[in-house]
Amino acid sequence: MGQLLQRLSTRWASLRGRTSSECIRIYMTVARKWTLFGAKLFEAEPLSPSLQNNMRVWLAVHENGVIVLEFNSIKVLESHPHKNIVTFGASGQDFMLVVASGSGISTSKEKPTEKHLFAMASSKVRDVTLLVASYINSAQQQKSAAHHLSAPALMLAQSGELKSKESRSKSPPATCRPSKAPTLL
């Protein structure tokens, strides 16, 4: 404990003479390196056989996935990237997380999965479900945007626009008449 106090005192003294914004920048640079930076922690009790029952854990939900942490030491017990999450959400009054297990090298069409159940307050089940969904949707939107902006996609879009302009110029204008079929607009 004495060594830790000495190291902290030395680090604190090295900040002398710096502005508060410089200190914040230094702190944030260090904090961002932590794996769980920006994660939202949810207290839970695992009900799955893969983790000890009656042992409290933290579910850390962040932009890269869901991590199960030991309650007292925050040691990582399991880590599940969003791409391995098959399904998630409320299962009765508990939070369910189904993840693809194994190395991903499988000869069958279906990947083996693991089901994890966690007991927590129903309001927290809703919160963790919405947060995981938000991260997964955000990742999908970013992937989709990157795909749409790729060179082949741009070329296809441009050629499609040219074809539609050509076809519009050759065909007579359609008459507007109401339709009985449902429309998307």
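Me: Which residue is the bridge partner of G65 in β4?
Reply: G65 is bridged to P81 in β4. Strands here are DSSP runs of E with at least two residues, helices are runs of H or I with at least four, and both are numbered from the N terminus.

Me: What kind of model is this, and which pLDDT limits apply?
Reply: The model is predicted: local features need pLDDT of at least 70, side-chain atom pairs count only at pLDDT 80 or more, and totals for chains, interfaces and linings use all residues. Residues are numbered from 1 along each chain as its sequence is written, and side-chain values use heavy atoms, with hydrogens and water left out.

Me: Back to the strands. How many bridges join β3 to β4?
Reply: Five bridges join them, and the two strands run antiparallel; strands count as paired if DSSP finds at least two bridges between them. β3 and β4 form a hairpin with five residues between them, and I74 in that turn has a positive phi of about 50°.

Me: Is β2 largely enclosed or in the open?
Reply: Six of the six residues of β2 are buried, so the strand is largely enclosed by the rest of the structure. Buried means under 20% relative accessible area, exposed over 50%, and partly exposed in between, with a 1.4 Å probe and protein chains only. Both faces of β2 are covered, with V57, L59 and V61 on one side and W58, A60 and H62 on the other.

Me: And how many residues of α1 are buried?
Reply: The number is zero of 13, so α1 lies largely in the open. The helix, residues 2-14, reaches 19 Å from its first C-alpha to its last, close to the 18 Å expected (1.5 Å times one less than its number of residues).

Me: How many residues are in the largest nonpolar core?
Reply: That core has 18 residues, and L59, V66, F95, F118, M120, V128 and V132 have the most contacts inside it. A nonpolar core is a set of buried Ala, Val, Leu, Ile, Met, Phe, Trp, Tyr and Cys residues joined through side-chain atoms within 4.5 Å. β1, β2, β3, β6 and α3 each supply at least two of its residues, and the largest share, four residues, comes from α3. Another core, of six residues, lies apart from it and includes L36, W58, A60 and I67.

Me: New topic: where is D94, and which side chain of opposite charge is nearest?
Reply: D94 is in strand β6. D94 is buried yet has no salt bridge, and the nearest side chain of opposite charge is K115, 8.8 Å away. Lys and Arg count as positive and Asp and Glu as negative, while His and the chain ends are not counted. A salt bridge needs a side-chain nitrogen of Lys or Arg within 4 Å of a carboxyl oxygen of Asp or Glu.

Me: How many salt bridges are there by this rule?
Reply: The count comes to two. E43 forms one with R56, the closest N and O atoms being 3.2 Å apart; E43 is in strand β1 and R56 in the loop between β1 and β2, 13 residues apart. D127 and R126 also meet in a salt bridge, at 3.5 Å from N to O.
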